Amino acid sequence: MTVAGGTGRRAVPWEPELERAMSRFSVKEAHDLLRGLFRPRMGVYWTDFLLSVTVGAVAFWAVEPLGGFSVLGVLAFLVSVFAAFRCFAFIHEIAHFRKKQAFGPFRLGWNALFGIPMMIPTFMYECHGEHHNRKLYGTPQDAEYLPLARMAPSNIVGLLITPFVLPFFGPYRFGLVTPLSWFVPKVREYLYRNLSALKIDFDYRGRQPTAEEKWSWRLQEFLCLAWIVGAAVLLSTGVVPIGRLVQWYALFVAVAFINSLRLLAAHRYIGDEDEMSIVEQMMDTVNHPRARVLGELWAPVGLRLHALHHLMPGLPYHNYPVAHARLVAGLPEDSAYRLTESPGLLHSLRRLWSVCRSHQRAGTLLDRAKPEGAGA
């Protein structure tokens, strides 16, 4: 198979219809249609983020006076969850534009107002570049990918259970292991190898910070530790009631659970742990263009148009709707880009589950068909 803009290598046994569409697809043609859309507007970023963090903080505070389990209390909690999730999603944009000077203040502001308090500072997402690397996407060096379509459905269940323990990760990573790492080199190696990346592949191994990154990472770690100590003092002295800690746990679990659903719907996960071209990455990723309102809740800051993002990772989120409209209007009706669309979140989740079940059944039948002792 020859894919325009790709390596010409066949990494996945694509269906014939998809393979023909991919062979005709031109990344250059798509890029030409999007001229003028690649400049991020920092005013949009600041306004969106500051409104989201303000709404989230006010709604979180309002839960108690409104009555935690009352209708208004539950509604306020849900508002705080989706606002917090929107704030979290900006770490994705920061990872892509971290080299742009204009993003320096925004990165600091995001860390100060959200990343440090939630114990997910920006350096934890430095690994995201690997997820867009032609040689690393879908391989064991990609922290955000598992070949789920080729794995048992239990792995999907595992990703949906993980959010219930994630709130304990920050206190463990920054409150316990971080201070130990300052004095014990082996602990420091363990810290950066195993506990310094946002990942779904738990076998993924991170890297040590470079000389330029070292003090930035250390500062972010220290601030997270200081936040934990400050929160512990306020809780232990009764200044902040324990109920707020329980509420924070519920918020963190809810945000992480929604993000797990989004991750499961974002890709087809049919890779075979080999490298993929840009076009193959696009076809392994999913757009949800119909979910314009709900999509902003479960896939905010452009994440609902994820195939577009993998095709053009340098595109700022606020231009995604215009970019998608241009591609749909300018590319042929049988373009591979159109084949990345899904009707919605539930459809994408059901499709992935069905593919996993089919793969599992096929593996079971193959095992039964083997002669006794085969493969030993």
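User: What pLDDT does the chain average?
Analyst: This is a predicted model, where local features need pLDDT of at least 70, side-chain atom pairs count only at pLDDT 80 or more, and totals for chains, interfaces and linings use all residues. Here pLDDT is the predictor's confidence in each residue, from 0 to 100. In this model, 93% of the residues score at least 70, and the chain averages a pLDDT of 92.

User: How far apart are the end C-alpha atoms of helix H3?
Analyst: Helices are DSSP runs of H or I with at least four residues, numbered from the N terminus. The expected span is 1.5 Å times one less than the number of residues, so the 25 residues of H3 (residues 42-66) should span 36 Å. The model agrees, with the end C-alpha atoms 35 Å apart.

User: Which helices do the buried residues of H3 pack against?
Analyst: Buried means under 20% relative accessible area, with a 1.4 Å probe and protein chains only. The buried residues of H3 include Tyr45, Phe49 and Phe60. They pack against helix H4 (71-97), helix H5 (103-115) and helix H10 (242-266).

User: Which residue just after H3 takes a positive phi?
Analyst: Residues are numbered from 1 along each chain as its sequence is written, and side-chain values use heavy atoms, leaving out hydrogens and water. The phi just after H3 is about 95°, and the residue is Gly67.

Definitions and conventions. Helices (H or I, at least four residues) and strands (E, at least two) are DSSP runs, numbered from the N terminus. Buried means under 20% relative accessible area, exposed over 50%, partly exposed in between (1.4 Å probe, protein chains only). Contact means heavy atoms within 4.5 Å.
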